[in-house]
Amino acid sequence: MPTLHKLQSAFNERNFDPIAIMHDQARIRAETFNEGASTISLFEFLSKPFEHHANFLSLSTIRTYETLSKHRWITSVDGVIPLVDFFIRFARPGNSLKTVILISEELKSWVPQIWADNVMLYSVKHHNKSIRKNSKNIFIGVCDSGLNTASELALEFSEFKKRTPIEENISVHLLNPVNQIIPHEKTRPFEHIRELLKVMNNNQHFEDNDLLISQDYSLNSKFYISKKIKYIRSCSELEHRLLSNGSICAGEIETNKSAEESLLISAHHSLEIYDCDEFDTKDRWEKIHFDVSRLGFVDNLIGQDLAKVLIEL
């Protein structure tokens, strides 16, 4: 298991002391964020970067091979769109690359086989699996970004409402990007709210988004993040903050596989890390390369055409 060996060697160099590791990472992360400033600005609505020795990063902030090689490991927070964007820009890792990229297990089917020696998979493990009755239920959607329509968001909320006990309240948070992710015509800017209001009841209400990072607010809660946000962030910095504050992800299915490594993130959750020697994704990547070539995609950060292709796949 060459990838596992690379990761364990990196962990052992500093006896995996979190303070020492974060000190080592500080300069490299600053350089990375300086390169990827446009990405940080674009996705700031999903919370500021989460500082942790796990080194949570969006791969879209990595703009050069030199910067990539400075990181011994990266825990990718990316969804499928920025992940594929990364693998298009960095078509092959190179024989000398020591960096290990930890990618959400849900995205295994999008990893090119050529990256097998530099990629491991992770899943989130909740330590507080039981939440008492009458807990807070948090629905987080994205408004007016081009990722979804008002009717899609309202339908998704309706499905979430069906799974929530009728006597429990639902707090609704709508995140609104400063810049559009997939451009579209803005003819009805309040359509998302109007559509949602039609399916909301008296015990379902909008809340201030600043509350999401408050421990008192999210403790003993269950949260749901819109599936369209997951195209951008499979496990966003915001999600890790909620988990760290004692919330759990509604409907999360944990794997029963035995992990090669476990990385504690907070008192409430950890990452279970798995090695994977084979990624059976040849057919998918042939289709991606065909579509990208046909659409004329050229190193465009979260390109509009690429995003539409991936959502349809």
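**Exercise 1.** In this predicted model, find which strands helix H7 (residues 191-199) lies across, and how H7 runs relative to E7.

*Solution.* Start by picking out H7 at residues 191-199. Next, look at what sits against the helix: H7 lies across E5, strand E6 (170-175) and E7. Finally, compare directions: H7 runs at about 160° to E7.

**Exercise 2.** Now try helix H9 (residues 237-244): which strands does H9 touch, and what angle does its direction make with that of E8?

*Solution.* H9 packs on the sheet, and the strands it touches are E5, E6, E8 and E9.

**Exercise 3.** Work out the order of the strands in the open sheet, then say which ones are the edge strands.

*Solution.* Walk across the sheet and you'll read E7-E6-E5-E8-E9, which makes 5 strands with parallel pairing. Then check the ends: strand E7 (204-206) and strand E9 (248-249) each pair on one side only, so these are the edge strands. Zoom in on one pair: strand E5 (residues 136-142) joins strand E8 (residues 221-225) through 5 bridges, in the parallel sense. Within that pair, asparagine 137 has lysine 222 of E8 as its bridge partner.

**Exercise 4.** How do strands E10 and E11 run, parallel or antiparallel, and how many residues does the hairpin between them use?

*Solution.* Strand E10 (residues 261-264) and strand E11 (residues 269-274) run antiparallel, joined by 4 bridges. As one example, serine 262 is partnered by glutamate 272 in E11. To get from E10 to E11, the chain makes a hairpin through 4 residues.

Key. Residues numbered from 1 in each chain as written. Predicted model: local features only at pLDDT ≥ 70, side-chain atom pairs only at ≥ 80, totals over all residues. Heavy atoms only, no water. Pairing = 2+ DSSP bridges. Helix = DSSP H or I, 4+ residues; strand = E, 2+ residues; numbered from the N terminus. Contact = heavy atoms within 4.5 Å. Axes fitted to C-alpha atoms, helices over the stretch in contact; angles between N-to-C directions.
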